Each structure stands twice: as structure tokens, then as C-alpha cells.
Amino acid sequence: MIKNCFQIRAGWRIGILCCTPSNVPKIQLRLAGQKRKHNEGRVEVFYSGEWGTVCDDDFSIHAANVVCKELGYVEAVSWVSSSKYGKGEGKIWMDNVHCTGKEVTLAACTTNGWGVTDCKHTEDVGVVCSEKRIPGFKFDKPFLNQIEVNNMNIQVEDIRIRAILATYRRRVPVTEGYVEVKDGGNWKQICDKHWTAKNSRVVCGMFGFPGERKYNAKVYNKRKQNYWAYSMDCTGNEAHISSCKLGNHLSVDAEKNITCENGMPAVVSCIPGRAFAPSSNSGFRKNTSKPQLQPLVRLKGGAKIGEGRVEVLKNGEWGTVCDDQWNLISASVVCRELGFGSAQEAITGARLGQDVEKQYECANFGEQGITVGCWDVYRHDIDCQWIDITDIAPGDYLFQIVINPNYEVAESDYSNNVMKCKSRYDGQRIWMYNCHIGDSLGQEMEQKFDHFSGLTNNQVSKR
């Protein structure tokens, strides 16, 4: 039997919009485990008063879509098997899950039955949802009240720091103000009765600030606000508030308004960090000055500031960090140490390059591989030539290859023996553009190549 159905009329078209079948139990979902981003994690289900996991047997992208939409995300990006986000605990509530993708709740998909499974927690399934939230999404609050609230993760449409004082309204980025969450399409303040410094630390980290600081509470008034129904319960290590737990439910007055008795809106004041420096315009600018002290951790091989392979200085030597158990919390520690806020993603699998050692040296004649600015003898048994760029810093370069430069081999036409390109290296990839052969470049560009002495002295020349 279907309940909560509505008839829709549009001209001659008649349709039926239905909600959950009456025989489908109410459940609540959350994403847990060792996350790389806030919108992914191990799928956990609250059923029959207990949290449990979902087995990866027969799980599909359709099931992942149902999970993500039930959590308020627009869609699923992918799903992962074999407890990628760590092994859960307790019951494995669902196994052999089959969804069409149109279900309103994961509980409406077919399974072996609640708690009927032959799986182990090494088979716990996880999902990656899109970062975009469903506008106006709300959880079933009456059902939330039946759950131990501080075991639920926070899910809101958006969060912001709204500057109240004129001093901070003129600053970009905003570092102090009310913490507001977007819930049901409306911005709401958070009551400070249960607010802690740990909560402030998480909020500041989300906006790229490494820490929080005290503020002058006397300058903020207690006028009536539009309060969110819950408080936050963060440990301070979370990279995003979606990983925090919901705190206490606020009381409701006779007019059904959320109240904050003897309290006021929660305020945060964040430390800008080394990445920003005060400017003369009462704001901040990117801090381009070099740090005076050498840090013990650095990021290498990234395409932009704040991204890269993690390297640590120990006994005067730089080394890398293994990605076993590497997650968003670990990455956030590094980011904060470097003056940034919480990490946006914990990248694994050497995706930003391995810490490789130089393999080829200049004029390594007859071998398959040379360094920039060198030359080598190309033999018939070498199918390609490696150019070692281990020591090259990211930037824009001129790339030139000359074949038979001394005309030692007779040819009918030498015009296509030279290839010249502009090239760009971002620390991970290198690509060529504006390539030409022979003397087909303009005079200005030819002169740039004429002044390039790398082929004779092995010095890398940046343009």
C-alpha cells in the first residue's frame, strides 16, 4: 500500500507523486570512516535503534544515488567496495542491495532482509557523493528525535561566517562574525549555549584558517534571531562540519519558534594564518614573503599553492609519507601546520608524483635517457628517448630538439631537423604548444631560441 500520494493536474496531464511505501521502515543514513572528503565515506544505517553498515555485494551506482539523495546530495559520483573507508562495527544491516535508483530511501531497495548477511566488515561499502546539495533539503526531524542526536552527522545546505561588525564587513576574507547554516533555503544562526572552541576550530578550518581566537563578546547584542534547531558537537579534528555530530535539540516556544534561552548567536573569530597578510585596505592579501624559518613539512609537485606531495624534513633530509591510513584528518594537520585551514581532500596513490631520484645524467651517450640541455646519439635499437626533468621546477620553458646538428649524415633537406615548441610544466604534467619545425617561427621567437645556451652548457633557461 502506498501512502502520502498527491494528485498533480497540469492541463490534461494527470500524474501521481508518491512518497515512501507504508511498509518500508524509517531509517537514517550517515557517511563515516576514514574520509578523503566530507561528501564521501562508509555507508551506515540507523535501524531498529542501532547503527550498522551495508555489504558491497551487488551494490551499484543506482544504490549509491539513492544513498546520496537521501543524505541531501544531488547525486552519487561513485561507490567503493572492500571497506575502503575502514571497517565498521556492529550489525551489517543490508546485503545484496538492489536499487533502481528511483527509490526515495535505501530501505525501499530489495535486500536479503534486515541483518541477513554472510558478509564481514571487510566488505563494508562506501559512496562518493557530489558536493552539490539539494536546495531546501531537510531531514525527517520527527524521526531524528528518536535517534540519539549526537550520533547523527550534520547535514546542511551551506555554512557561512556573516560579518556583523563594520570592521569585519570591510575585510576580505571575513574572519569574524556569526556562524550561520542554510537550512530549508533560509540562513539561521546557531545558539551559543552549547558552542565550544572545538566547534570554532572546525568552522575556521573550513574557510582556510589554521585556528580560532577569542573575540569581544560585549560588542555582539542578543536581539531575537532565527535559530537553527540543533547545536554542534565537534571534536576539533574534523575537516568539515558534516563530520561533526549533531548536538542538543533546542527548545521550542509556544509560537513554535526555536529559542536560545539566555544565549546568543554563536560567533567565531579566525586567525588568517601565514598564507595571508594584513593589507592597507583593512583586509588581507596573499602573503608572498618567504618564511624566515624552514618548515619541517612541505608540499611538492602540486600545480598550485596548498597542493602537493607531503614531504617531511628529518635529520637534514627530506622524505615522503606513506599513504596507509592517510585521511582527511591527517591531511588537515599538515595544512594547518603550513598556515592553511582544513584539507579539502586527502590524496593517495602517489597522484601528485612519486619522490623519484634522478636517473639520467648529461651526455649519457648511447643510453636511453638524457637530461635537459644535453645531447645523445640516437641508435636504431632505441625506440624513444627519455628526458629527465627531475630537477626542473614548474614553469614555462622553450623546448627544442635538433637532429643531426653537425650535418654528419647526408640528407636531401635539413629544414625539418629542428622542432621548436613552447612548453609548460605544472609539477605533474608537461605539455607542448605552438610547435614549429625548421625556421617557421617569427624572428622574435627565433631570437629567443638563438639566446638559449642549454644545448652547450647544460643550464636550464626559463623564459
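Modeller: Contact here means heavy atoms within 4.5 Å. By that criterion, and not counting residues up to four places away in sequence, Thr 110 touches Asn 96, Val 97 and His 98. The model is predicted: local features need pLDDT of at least 70 and side-chain atom pairs pLDDT 80 or more, whereas totals for chains, interfaces and linings use all residues. Residues are numbered from 1 along each chain as its sequence is written, and side-chain values use heavy atoms, leaving out hydrogens and water.

Thr 110 belongs to the loop between strand 7 (91–94) and strand 8 (126–129); helices (H or I, at least four residues) and strands (E, at least two) are DSSP runs numbered from the N terminus. Although Thr 110 and His 98 are 12 residues apart along the chain, their C-alpha atoms are separated by 5.2 Å.

Turning to the aromatic rings, those of Phe, Tyr and Trp (its six-membered ring) pair if their centres lie within 6.5 Å, and planes under 30 degrees apart count as stacked, over 60 as edge-to-face and the rest as tilted. Elsewhere, Tyr 47, Trp 93 and Trp 114 make up one aromatic cluster.

Strand 10 also takes part in the packing of helix 4. The buried residues of helix 4 (residues 197–206) are Asn 199, Ser 200, Val 202, Val 203, Cys 204 and Gly 205. They pack against strand 9 (158–162), strand 10, strand 12, strand 13, strand 15 (267–271) and helix 5 (328–337). After helix 4 comes Gly 208, with a positive phi near 90°.

Finally, three strands form an open, antiparallel sheet in the order 18-19-20; two strands pair if DSSP finds at least two bridges between them. Its edges are strand 18 (297–300) and strand 20 (317–320), each pairing on one side only. Strand 18 and strand 19 (residues 309–314) share four bridges, and in strand 19 Glu 311 is the bridge partner of Arg 298.

Definitions and conventions
Buried < 20%, exposed > 50% of the residue type's maximum accessible area, 1.4 Å probe, protein only.
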